[in-house]
Amino acid sequence: MAAVTRGSVGLVRRLLCEQYRRRCFRCSRSSVQFSSRLLHAASVRYGPILQFKLSDIGEGIMEVTVKEWYVKEGDKVSQFDSICEVQSDKASVTITSRYDGVIRKLYYDVDATALVGKPLVDIETESSPELTQEEDVVETPAMAHDEHTHQEIKGLKTQATPAVRRLAMENNIKLSEVVGTGKDGRILKEDILNFLSKQTGAILPPAPFQEIRPPPAAAAAPKSPPAAMPQAPPTPKPVFTGKDVTQPLTGFHKAMVKTMTAALKIPHFGYCDEVDVTRLVALRAELKPVAEGRGVKLSYMPFFIKAASLGLLQFPILNASVDEACQNITYKAAHNIGLAMDTSQGLLVPNVKNVQMLSVLDIAKELNRLQALGASGQLGTADLTGGTFTLSNIGSIGGTYAKPVILPPEVAIGALGKVQVLPRFDSAGQLIKAQIMKVSWSADHRIIDGATMCRFSNLWREYLENPACMVLDLK
Amino acid sequence: MMMTSHLRRTLCVARGRLGVGGCLPGGPAARPCSGGGGLSAAYEQGGGEGAGLILRSRSTDVYQNLALEDWIDANVDLRRRSVLLLWRNRPAVVIGRHQNPWSECDLRAMRAAGVPLARRRSGGGTVFHDLGNLNLTFFTCKKKYDRKRNLRVVTDALRTLRPGLDVHATDRYDIILNGHYKISGTASRLGRSSAYHHCTLLFSADRSALSAVLRPTSRGVRSNATPSVPSPVTNLLDHDPTLDWDQLLAALGAQYNSEFGFSAVETVVDPSDESAFPGVGGAAAELQSWDWLFGKTPKFSVDTRLELREEESGVRGSAHLQVEVKGGVMDSCRLGVSSGWLPAGLSGELSALLAGGRFCPEHTAAVAAAMLRSQPAELQGRLRSLCDAVIALM
């Protein structure tokens, strides 16, 4: 039954062929590209509306469920574009369009039952099948309307609107030989015209940008013989088709807006210093295999975090929290040191709980766990909340000095730059190679003064420049 | 409306045995393929026009194997030849094209156990794959699409190995052993001119593992997604412990040749070989993307009550959550909390932050953490318990 219907539709198309070929030729002459906008505005139709019936799926299946539409009414489709997914009896089927044209009507909603042999969509075509140059299009069976990635896998598909195809056909041009300058290599009318002019040296009909040329040239151009072009035909200026995209801020970004607004209400002051980590680098190199023997990956962060905790024992005000009205200050007992992590979700700050009770290796183990959770997208609220002090290792990506922003309800934060090999003078006045890392602290100036920050930083620095000192104070 | 079917394991009395080794062991008929040669070597073996190809994947990564299926479907000219692909995966849960992962499997248990989720392009229900489960994919042009004939290859091969074995294919394209237990389920995908039909074959799958994951993540999920229907299953090895994996594969290959008149020799292929299968890496990456795995879920809603408990004080409360999820994103979110548990407006604030975001625990935890930062200390405990209860649904 489907075959009979197809045949009759073809006949109708062939009958109308001559009629709208003429009509469409007039359209291209007036340089009006086919657009769906035009169709809505004008009452004149450019082509017949064809009912695209759901063809036989096979195995005697008479009905299927429509699961997903890839197009909506008003969308332009080309032959072989995917229209929808239907499902029947464990078989998932992609229905592709048989015609070029514009979708005028969808007969079913998602989850509705579609009948084989009955209309699925109405497509308004504007050219007969003979004009759709099948030899230029390679089959792309399971391609969705906007799944351009598949095009690379499945072979070239020349994109061109029906009007462009017609123009090419009338001038005996193979679309595969024309370079498309439109979006995703789409062939535009200008590309056909350029191709033509290169081939035959014919004079191009005046395109908008050509009118900007100085008058004498414009007057001279049509008079010069076709064979002897005075200059190369003007190359089409690349047209920037990018559009601004506006989206509402949602979820995480919206929440961050509130956090950051609150953060910058805190009067920040910054304090920067440099730390000579040459000895630390040597120590870590020595301890790395030992840690690996215990199944732990050891980086520099556990040392930085432990040293910070030892410093906080001497300067507990840096591990405090003030309430909103800044009336009360709470000295937090636990050192829950947060580590800023760059994940696919954005900036997340999981924290290591109770660093004051942990050894360097324990901290390393915790960091491994948090990093694994962060990578697999499993960080929960327990790990992400409750921090009292934060370190940001921005140096792992790059940078030296930074200006970190305090994360409320904390009162201090440190940003660590990258470790650089720099020339320094030692105590004997000799020039040596030193591993230098820059650190930038920010603190809440309402309760912390510069001197406190400076002393904390000096103590932290001493632990890292002389790791042996850390051993003396380890709890 | 036709009810689509499924394959779902339930806990059975007998235990299964996990297959050993990383990839399918080579049988006597298998030839390893060289570097970029891949299919061309196999073509030569196949014998030219109108021939068949038997391929065996050396990978046990579910995404690579699914990407290989897509590649064959798109790139092999199936009018000239048909293909049989044999593959198996490390433990993974595979849902059908139009299914809802939150109602089909326990995503939290899977994350904890390291079992990945995959969504295939064919329809049908949810299956648990592991190394004791063999997958067969029959690729043909659309005209030659015949599921009954493909299943006959499987049943005939089994009967060749063990004459008198009571296996037959049903109208629903399942294979039943001893008239009662399902050992194979089917799904297929039809494109414009090509089609593939794949089925599982339970050889020695671990049934206790699958019962832990094949249950819903959250209560209160309402959707029109294709449901799975459970049925009693068994392993071939449970029925006949003398069966051998390599022999089974060889018998299947031989029966494929015999049924369709081919003379193909089994060729081992590597789906991670980009030179042999250009674009397969990108396809595998797409199959792992959030947009494919979760974004392709048909729209659904969640409507449920949450039990809350503040950790420190032990005070209890309750909340009511209503979410509409479209394309994996929370289109609308309404969260009502029992009076007195939280200040008025706070649950509304949380709902507003969640709306428009992904129905995903990581995303929601990040939003919750960011929101908690700007809240006073005394509300932290209760707000966190509310956020955790919402995240537990995802």
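This dialogue reads a few features of a predicted model.

Reader: What ground rules apply here?
Author: Local features need pLDDT of at least 70, side-chain atom pairs count only at pLDDT 80 or more, and totals for chains, interfaces and linings use all residues. Residues are numbered from 1 along each chain as its sequence is written, chains are lettered from A and ligands numbered from 1 in the order written, and side-chain values use heavy atoms, without hydrogens and water.

Reader: Where is Thr234(B) placed?
Author: Helices (H or I, at least four residues) and strands (E, at least two) are DSSP runs, numbered from the N terminus. Thr234(B) sits in the loop between strand 13 (221-223) and helix 7 (236-239) of chain B.

Reader: Why does Thr234(B) count as buried?
Author: Buried means under 20% relative accessible area, exposed over 50%, partly exposed in between (1.4 Å probe, protein chains only). Thr234(B) counts as buried because its relative accessibility is 11%.

Reader: Which residues is Thr234(B) in contact with?
Author: Contact means heavy atoms within 4.5 Å. Leaving aside neighbours within four places in sequence, Thr234(B) contacts Leu177(B), Tyr181(B), Lys182(B), Ile183(B), Leu202(B) and Arg207(B).

Reader: How many bridges join strand 12 of chain A to strand 16 of chain A?
Author: Two strands pair if DSSP finds at least two bridges between them. Strand 12 (residues 337-339) and strand 16 of chain A run parallel, joined by three bridges. Gly338(A) stands opposite Thr390(A). Three bridges also join strand 16 to strand 17 (residues 412-425) of chain A, again parallel. There, Ser392(A) has Ala415(A) as its bridge partner.

Reader: Are the faces of strand 16 of chain A covered or exposed?
Author: Both faces of strand 16 (residues 389-392) are covered. Phe389(A) and Leu391(A) are buried on one side, Thr390(A) and Ser392(A) on the other.
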